[in-house]
Amino acid sequence: MPELPDLLYIQARLKEALVGRRVVAERLREPIVMRFAVRGNLSLLLGRRLDDVIRHAHFLVFRFEDLDLAVNPMLAGRFRLAAPDEKDERDLVFALTFGPPEATSHGPRGEGDSMSDLRYRDEKNMGKAYLLAKGDWKAAAGMDQAGGVDVLAPEFTRERFVSLLKKRRDQVRVLLLDKRALDSIGNAYADEILFEARLHPKTFCRSLSHDDAVRLHDAIVKVMREAVAEVARRGEPIDVKVRDFLKVRLRDVCPRCGAKVRKAGVRGMDAYFCPHCQPATRAGLVDWTKTGK
Ligand SMILES: [Zn+2]
């Protein structure tokens, strides 16, 4: 699933490519993925100009004058920019064809200002796309429940995080994934952050010392900022997920100490961790360092 670094990269690329252009054609191939909170269908977007592309929690929102198209890609949704005559329509959910950029006061249109397709595909059809009246975010499931502090913003301070932790009675990995608390961390980066902070994924928030809490805060900021920079630096097409730089997620061996990376179930999610660098801190957890494996 795209996480914050992926979404920010996709958002920037789509904004650069499509803002200011008008929709000239649309096609919907998987109506099961679409939800209409306004009367009509995708053809409502015809002739409308794209004003902005923003990220809201795990949604990308395409803002058209009085309408928003909000997409939650879930596990397998991917965006792609394509030439309208390109044949690859595998797993296509919808496509919007954008006309050339409108001529501006900066001069006439240049070469290459041709039509462009925004294609959204989903091999599992688990994601959802909502067409909404502008700003009517309560009409999209999960969109108005988000609202945690942006972990990349200056207001995500050590003090704010320490006070957030004090209110929590759950496990630290559950907190990291809570979109109402933090905006936003998914499974892959939750593992990387706990590895960086050297904390076992099943550690309870209330058992963290002040130093642990500060280290965890700093790990969130470091891991997420570095990932944003790395994904941007690679400059891959937007349907390519760049994850090969992750240190512990889906890895066999810890890059720090060489121990075997283990998996633990935390609230039904697989957590990857190094049992040596992130030792268990409470009774009842497997102590992998003593199993001889
Ligand atoms: Zn290790």
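1. In this predicted model, the zinc ion has a tetrahedral arrangement of donors, because its 4 donor atoms subtend angles of 102 to 114 degrees. For this class, all angles must lie between 85 and 135 degrees.

2. The protein donors are the SG atoms of Cys254, Cys257, Cys274 and Cys277, which lie 2.2 to 2.4 Å from the zinc ion. Along the sequence, these donor residues follow the spacing C-x2-C-x16-C-x2-C. Distant parts of the chain are linked by the pair Cys257 and Cys274, 17 residues apart. Cys257 belongs to the loop between helix H5 (210-234) and strand S12 (262-266), whereas Cys274 is in the segment after strand S13 (269-273).

3. The accessibility of these two cysteines deserves a separate remark. Cys257 counts as partly exposed because its relative accessibility is 35%. Cys274, with a relative accessible area of 0%, is buried.

4. Elsewhere, 4 strands form an open sheet in the order S1-S7-S8-S6, and their pairing is antiparallel. Strand S1 (23-28) and strand S6 (77-82) each have a single partner strand and stand at the edges, so one side of each lacks a neighbour in the sheet. On average, neighbouring strands of this sheet are turned by 15 degrees against each other, direction ignored.

5. Within the sheet, strand S7 (residues 92-98) and strand S8 (residues 116-122) run antiparallel and are joined by 6 bridges. Thr97 has Asp117 in S8 as its bridge partner. Helix H1 (residues 4-18) packs on the sheet and touches S6, S7 and S8; the direction of helix H1 makes about 30 degrees with that of S6.

Note on methods: Residues are numbered from 1 along each chain as its sequence is written. This is a predicted model: local features need pLDDT of at least 70, side-chain atom pairs count only at pLDDT 80 or more; totals for chains, interfaces and linings use all residues. Side-chain values use heavy atoms; hydrogens and water are left out. Donors are N, O and S atoms within 2.8 Å of the metal (3.2 Å for Na, K and Ca); water is not among the atoms, so sites may look incomplete. Four donors count as tetrahedral if all angles lie between 85 and 135 degrees; four count as square planar and six as octahedral if opposite donors are over 155 degrees apart and all others between 65 and 115; anything else is irregular. Helices (H or I, at least four residues) and strands (E, at least two) are DSSP runs, numbered from the N terminus. Buried means under 20% relative accessible area, exposed over 50%, partly exposed in between (1.4 Å probe, protein chains only). Two strands pair if DSSP finds at least two bridges between them. Axes are lines fitted to C-alpha atoms, for helices over the stretch in contact, and angles run from 0 to 180 degrees between N-to-C directions. Contact means heavy atoms within 4.5 Å.
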